[in-house]
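User: Hi! Could you walk me through how the ligands sit in this structure? I'm new to this, so please take it slowly.

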Amino acid sequence: MPFVSVRDLKVAFDGVQVLHGIDLDIGRGEAVGLVGESGCGKSVTWLAALGLLPGKAKVSGSVTVDGQELIGASPRRIEAVRGAKIAMIFQDPSSALNPVHRVGRQICENLRLHRGLRGDAARAEAIRLMDIVGIPSANTRFDLYPHEFSGGQCQRVLIAMALAGAPDLLIADEPTTALDATIQAQILDLLSNLRRQTGMAMVFISHDLGAVSTVCDRAAVMYAGRIIEANDISQLFAAPRHPYTRGLFDAIPYLDAGRARLSLIPGTVPDPRHLPQGCAFAPRCARAGDLCRDYQPELKEQAGTGLTACFHPIPTGSASRQEVFA
Amino acid sequence: MSALLQAKGLIQQYSTAKTFLGKTSTMRAVDGINLTVREGEILGIVGESGSGKSTLGRLLLGLESPFKGKILYRGHPMPEPRTAAWRKLRAEMQLIFQDPLSALDRRLTVSAQIGEPLEIHGLAAGSERAERVAELIAKVGLRQDQAGSYPHELSGGQRQRVVIARALASNPRFLVCDEPVSALDVSIQAQVVNLLRDLQDREGLTMVFISHDLKVVRNICDRVAVMYLGRIVEEASSDALFSDPRHPYTRALVSSVPKIGAGLHGRIILQGEPPNPAARPSGCAFHPRCRFADADCAATIPELERHDGRLAACRKLRHTLRPAA
Ligand SMILES: Nc1ncnc2c1ncn2[C@@H]1O[C@H](COP(=O)(O)OP(=O)(O)OP(=O)(O)O)[C@@H](O)[C@H]1O
Ligand SMILES: Nc1ncnc2c1ncn2[C@@H]1O[C@H](COP(=O)(O)OP(=O)(O)OP(=O)(O)O)[C@@H](O)[C@H]1O
Ligand code: SF4
Ligand SMILES: [Mg+2]
Ligand SMILES: [Mg+2]
C-alpha cells in the first residue's frame, strides 16, 4: 500500500465543481511534482486532503496517509495524523506567518508542538533550522518580526517551520518562487539531501518546471481540475504526450533565446460552471476531433509512456523544443 | 532615450524592532545606488533575496523617502510622500506588489479592486468604468465570470493577475513590477509578459522589472542591474549580461538557473553564509563567498566602473578576470 493514496478526490464550492476526481499515489520517500495551469486545483487538492478548506467546500473521495483515512475524519484525527507526519508550506508566505509574533518564536512554537522542544533547546534548534535554509545571522534575527524580512526570507522561514516537525511528507506549494536562483539552488539541494537522509516524501507544487525537474522523481500535470498526464520526470520532459503539457513546455522562455516573443496556448481556461462536454482542453487544442468534443478522455496508460488523458496524444517521435535543452 | 527617472546616491536604512534585551540596530537595505531609468525601457533588477530590490522599487516610486540621496522624475525631485504633488503622481506611477494577498482588499470583489483606481483618480465612471474593467480582466487572462469573486476565492495566480490589472487601470506611464509573474503558470506568464511588452512598444510604458526568474528577465528586459547587499554590482544590456556575465556573483547567479534535464549539475553553488545587511563584510561585500577574492577585495569597496565598456564593481576584472579580447 502506497504511503499516500488519493482516490477520486472531488471538491465543489457553492455547487461549482473545481476538482473532478484526482487519483494519485505517493510512495515513501518519493518526490512528486504537481504542475499545471493557474487555478486548476493544485492547492485545493492538498488543502482538501488536510481538511483546511472553508466549511462551504464539499469534499468527497478518499485520501489515506499510512493507511489512515483523512476525508470525513474528525478534526482531531486529522490533526493527529497531520501533526505527526505531514507539513505543508503554503503558497502565500505572508498569510502563513503571524505578523504580530517574532519569527523565532513562531518556529519554536512548531518545535514545541511537534517535537516537544522548549526553552534553550528549542531556540538552538530554531536557529539551526534558520541557518540551514540560508537566513543570514540567524541568532541576531531570531527576535525580528515578519515585516522585517524580505519576501524570500519569509519564504525560507516557512520552509524552516515546515522542517521543524521532521515530517514524513512535505507538501511544498510554490516553495521557491520568491527566491533568487542561487538560494533556490541551495534549497533544492537541501530538500534533496533531506529526502536522502530521512526518507521524507514530498509533493512539490510549482510553476517552475526547471525546479520540478530538478527535485522530483515523477510529475503529474493538471488541467481544469483533472490530472491529464503523469510520468517519470525524464520521460515527461523528453516526450510530453498531452497537447496541454506540450503547450506548457513550449511557453517556457529560454535563457539564450533573446527577446523572441513567447509562445502561449491560445484561448482561455474554461469556466468551471460551464465545462465543455468532452475534453476540457478541446476548445484550445489543435489536435481536437469530434470524439474529443463529445467524450471525456480517461487518464490511462499509453504504451510505455506513462498516463495520459487524451484521444490523440502527440506521437512519441515528434521533436519538441525540450529535446534541444537550453 | 532620455532619462525618465534618476536615482542619485540612494541610501535607505531601517532600525529593527527592539529585541528582548531592548536593543535596536540599524541596517542599510539600500547602500549607495546611482541608477538611471530611461524613457520607454524595461530595466530588470535581479539579485540575492534580501539585497534590497523591493526597497529600491519603493524608493523609485516615492512610496518611502530615502535616508540619503535623491530621486528625479522627469528632472524634478520626487515629492514627499502624501503631499498633494505626490498624490498627483500616483495615477502615473504604479506598483505591482510581490505579495498579492496583502496588496488586495479582502472585502472587495475582483471588479471593484480593478475599478478602484479609476474611481480614486476620477478617470472613468458608470458604464465606461465597467467597460474598462472588463477589458482589463480579459487582458490579464482572467475570466469575466470571476469579476464577482473575492480574493480568497481565487487561486494564487488568479490573485496576481487582479493585482496586475489594477496597476494597469489608471494607464500608468511608469510601472514597478515586483515579482509580477512568479505565481503564474508558464502559459499565462507568457501572456502577461507579451502584454507588458506590447504596452512598452505601443504606449511607450517605462518599467522596472524585479524578478528572480532570470529566463523571464532575459526575455522582457532591455537592460539589467544586478544587486548584492544593497549595491549594484553589475549593469549591462540584457544580451550582454546573460551571454557574458562579468561579476563573479552574476556568474554564479546565471549558472544557477535550473535547466530542464540538467539536474543540479553545472551550477556554481555559492559557499559561505548569505550576506547579512546588518553586518556588512568589509571591502567588496561578496568577498567572503568569492572564488577570486584576495586581501585587496576585503579591504576596499570596489566602485561600479567601466571595464571594456561594461559596468561592474569588481577589482579582479581589471586583471585576473579579463575576458579574452
Ligand atoms: N474558497 C474558495 N471559494 C471558491 N472558489 C475557490 C476557493 N478556493 C479556490 N477556489 C477555486 O478553485 C480553483 C482551484 O484553485 P487552486 O487554488 O487549487 O488553484 P492552483 O492550481 O493552486 O492555482 P495557482 O497555480 O494559481 O496557485 C480556482 O478556480 C479557484 O478560483
Ligand atoms: N520595514 C523594514 N524594517 C526592517 N528591515 C527591513 C524592512 N524592509 C526590508 N527590510 C530588510 O531590508 C533588506 C532588503 O529587503 P528587500 O525586501 O528590499 O529585499 P529584496 O531584494 O526585495 O528581497 P526578496 O528577493 O527576498 O524579495 C532585507 O534584509 C530586509 O530584512
Ligand atoms: S483529447 Fe482531444 S481535445 Fe483533448 S487534448 Fe487530446 S487531442 Fe486535444
Ligand atoms: Mg495554488
Ligand atoms: Mg522583494
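**Ligands and their surroundings**

User: How do the residues of the shell around ligand 3 divide into nonpolar, polar and charged?

Analyst: Keep in mind that this is a predicted model. The shell around ligand 3 holds two polar residues and one charged residue. The nonpolar ones number 10.

User: Which residues come nearest to ligand 3?

Analyst: Ligand 3 has 13 residues around it. The nearest ones are A:Cys279, A:Cys285, A:Cys292, A:Cys310 and A:Phe311.

User: Moving on, between which chains does ligand 2 lie?

Analyst: Have a look at who surrounds it: ligand 2 has 23 residues around it, and the closest include A:Glu148 and A:Ser150 as well as B:Gly50 and B:Thr55. So names from both sides turn up, and a residue counts as near if one of its heavy atoms is within 4 Å. Ligand 2 lies between chains A and B.

User: How much of ligand 2 does the protein bury?

Analyst: Start with some contacts to its oxygen atoms: a polar backbone atom of A:Glu148 is 2.4 Å from one, and a side-chain N or O atom of B:Ser49 is 2.7 Å from one. A backbone N or O atom of B:Lys53 also lies 2.8 Å from an oxygen atom of ligand 2. Taken alone, ligand 2 exposes 640 Å², and the share buried by the protein is 92%.

User: Which element gives the most to the shell around ligand 2?

Analyst: The elements giving two or more residues are α7 (151-164) of chain A, plus β2 (26-38) and α1 (53-60) of chain B. The top giver supplies four residues, and that's α1(B).

User: What about ligand 1: what share of its accessible area does the protein cover?

Analyst: Ligand 1 also lies between chains A and B. One of its oxygen atoms is 2.7 Å from a backbone N or O atom of A:Gly39, and an oxygen atom is 2.7 Å from a side-chain N or O atom of B:Ser155. On its own ligand 1 has 640 Å² of accessible area, and the protein covers 91%.

How values were computed
Residues are numbered from 1 along each chain as its sequence is written. Chains are lettered from A and ligands numbered from 1 in the order in which they are written. This is a predicted model: local features need pLDDT of at least 70, side-chain atom pairs count only at pLDDT 80 or more; totals for chains, interfaces and linings use all residues. Side-chain values use heavy atoms; hydrogens and water are left out. Ala, Val, Leu, Ile, Met, Phe, Trp, Tyr, Cys and Pro count as nonpolar, Asp, Glu, Lys and Arg as charged, and the others, Gly among them, as polar. A polar contact is a pair of N or O atoms within 3.5 Å; within protein, one must be able to donate a hydrogen and the other to accept it, and residues adjacent in sequence count only if both atoms are side-chain atoms. Accessible areas come from the Shrake-Rupley method with a 1.4 Å probe; for residues, only the protein chains shown count as cover.
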